[in-house]
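Here is a short briefing for a first look. Open the structure and follow along topic by topic.

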Amino acid sequence: MELTVLVIKSLVILAVFGITLLIATYSTYAERKVAAFLQDRIGPNRAGPFGLLQPIADAGKMFFKEDFIPAQANKWLFILGPCLAMLTALMSSAVIPFGDSIRYGSFEVPVQGIDVNVGVLYVFGVVSLGVYGVMIGGWASNNKFSLLGAIRAASQNISYEVALGLSIIAILMMTGSLSLRHIVNEQNGFFQWNVFTQPLGFVIFLTCAFAECNRTPFDLPECETELVGGYHTEYSSMKLGFYLFAEYINMFTSSAIISTLYFGGFQYPFMHQVHDALVDSLGSTVGHNIATGIGTAVLFGKIFFFIFFFMWVRWTIPRFRFDQLMNLGWKTLIPLSILNVVLTGAGLLFDKFKYATWLIVIVMIIMAATNAIKAPRRKPVTVPQL
Amino acid sequence: MLQIAFFAFIALTLIGALTVLLTRNVLYSAYALLLTLLGVAALFVFAGADFLAVSQIIIYVGGVLVLVLFGVMLTSKPTTISTSTVVASERSNAILAGSRGVWLGVLLAAGLFFGLSRLLMNAHFALFDQPISKAPTTIDTIGKQLMTEYIVPFEVISILLLVALVGAGYLAKKSIKP
């Protein structure tokens, strides 16, 4: 019966892999549709019903383009760059718990690639590897703009990793474990979700996730107005496709990690009542599996919301300047996240009180309000009489 | 199966290390160092030290090596390798090491290896004599040991890092003209 467990496990891993790729594919379609909606256009609607075949047509187009390698580029590193970007993007979804567990006979197989004890740190390791795909590709192109874009990407990723890590430490202090499944199980009940106990940490994490994915407003590495095309200026055909695709995979993974860390993962309100009712009416195997399926569907709902949020922000907030980006990272987010850690620790020491960081939020809101009140009123513009 | 993976990672580590030693292109040696560090992290996993493996990747691969790459990319002077072309875009972007001598590098590496291995052989590890703990992760043990037995080295290292941070801040600040 060991074989059955192995088969279910490998099916889960295959499903995670396939779903990641599928969602990344259709994120490109969704991005264009959302952009069209926000700009009052129609968007892609020619290939298939509602333009649903558009991503496949795009991929076909990418494959048939000329695959060009510049003469003075470093050939093997030039090929290695997009491969590394793709590899590191696909690796991090392995530790995300997508659901509770599947029961089969007397076995319980968790819906997760691998349940490692250092899950959060694994995600960090893979994220820090992600820099290399961009750096190798940008350097190997032998082009000043590519190199500038690559260096921007790397420095941005390193700077925001610090704040990202510090904002998670508060969660680790409350949970006492590095396993993502344990963190999800800890957020049992709606007001136990980490977004309510760690509001500031959530905002910091979300901002850093945008920066790590190189998404607008932090897409400085591919800023067209300054850098032509950034680190992938010299790339064409499916190599360029891999870079763009890796960005969408990163977007999916970071949405999944945000929902897992802060929005309770596969937990939803009244989950245990639903689970008990299903087990009572359908038996402990089928009922449990269906309850797991509902949890997974809820998790994917949260993930889709965050992917939409990424796109929404892209068409709402303009790009930062590079010094603004660095100032935000080093002078605002890192001190704030250290303060967050200290206050969370104080609350936990005091009386296991989890909601201590609301204090920072309240103080910040009051400060912003007083600033807005004290700010000098702008004089109404007087149109000169002609 | 496990042994094959083990020897594969050993081969990865050694090939990376040899490339670092023998290649002339500095960028290649930096990327080969990436391979070596990843291989060492995998060997840590085989030794049951998963936390150490992940922190190796985060600190060395994600931090130190990126800084090394920055240093190499930003501080290298464009040396004319093929003197036939003057146009910048027709030059290859290889960054070559200054010295060509292989023996110097081998000698240095052998000396470092000898010194470090002697140091490790003579060191006294308190946890070696105790039975392996049955804890699910090594994090508990590491945290407790850091806060009890190794508190002095821990504090010394934190002061050292603080000094380094302050120094870096001082160097990076805009110089005020007299």
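This is a predicted model. In chain A, A:Ile171 touches A:Ile183, A:Asn194, A:Gln198, A:Leu261 and A:Tyr262, leaving out residues up to four places away in sequence.

- A:Ile171 sits in helix H5 of chain A, which covers residues 144-175.
- Is A:Ile171 buried or exposed? A:Ile171 has 0% relative accessibility, so it counts as buried.
- A:Pro44 is 127 residues away from A:Ile171 along the chain, and 41 Å separate their C-alpha atoms.

**A:Ser237**
- Helix H10 of chain A spans residues 237-262, and A:Ser237 lies in it.
- The relative accessibility of A:Ser237 is 5%, so this residue counts as buried.
- Which residues does A:Ser237 contact, neighbours within four places in sequence aside? They are A:Met62, A:Phe63, A:Lys65, A:Glu66 and A:Asp67.
- The phi angle of A:Ser237 is positive, near 60 degrees, and the residue is not glycine.
- Most residues other than glycine have a negative phi.

**A:Asp40**
- A:Asp40 is found in a loop of chain A, between helix H1 (2-38) and helix H2 (54-64).
- A:Asp40 has a relative accessible area of 73%. The cut-off for exposed is over 50%, so A:Asp40 is exposed.
- Phi of A:Asp40 is near 60 degrees, a positive value in a residue other than glycine.

**Annotated regions of chain B**
- An unreviewed UniProt entry carries the annotation "transmembrane region" for residues 6-23, 30-47, 53-74, 101-121 and 150-172 of chain B.
- Residues 6-23 of chain B are 94% helix and 0% strand in the model. The end C-alpha atoms of this stretch are 26 Å apart.
- Residues 150-172 of chain B are 96% helix and 0% strand. Here the end C-alpha atoms lie 33 Å apart.

Conventions. Residues are numbered from 1 along each chain as its sequence is written. Chains are lettered from A and ligands numbered from 1 in the order in which they are written. This is a predicted model: local features need pLDDT of at least 70, side-chain atom pairs count only at pLDDT 80 or more; totals for chains, interfaces and linings use all residues. Side-chain values use heavy atoms; hydrogens and water are left out. UniProt positions are given in the numbering used here, feature names are shortened, and annotations may be inferred rather than shown by experiment. Helices (H or I, at least four residues) and strands (E, at least two) are DSSP runs, numbered from the N terminus. Buried means under 20% relative accessible area, exposed over 50%, partly exposed in between (1.4 Å probe, protein chains only). Contact means heavy atoms within 4.5 Å.
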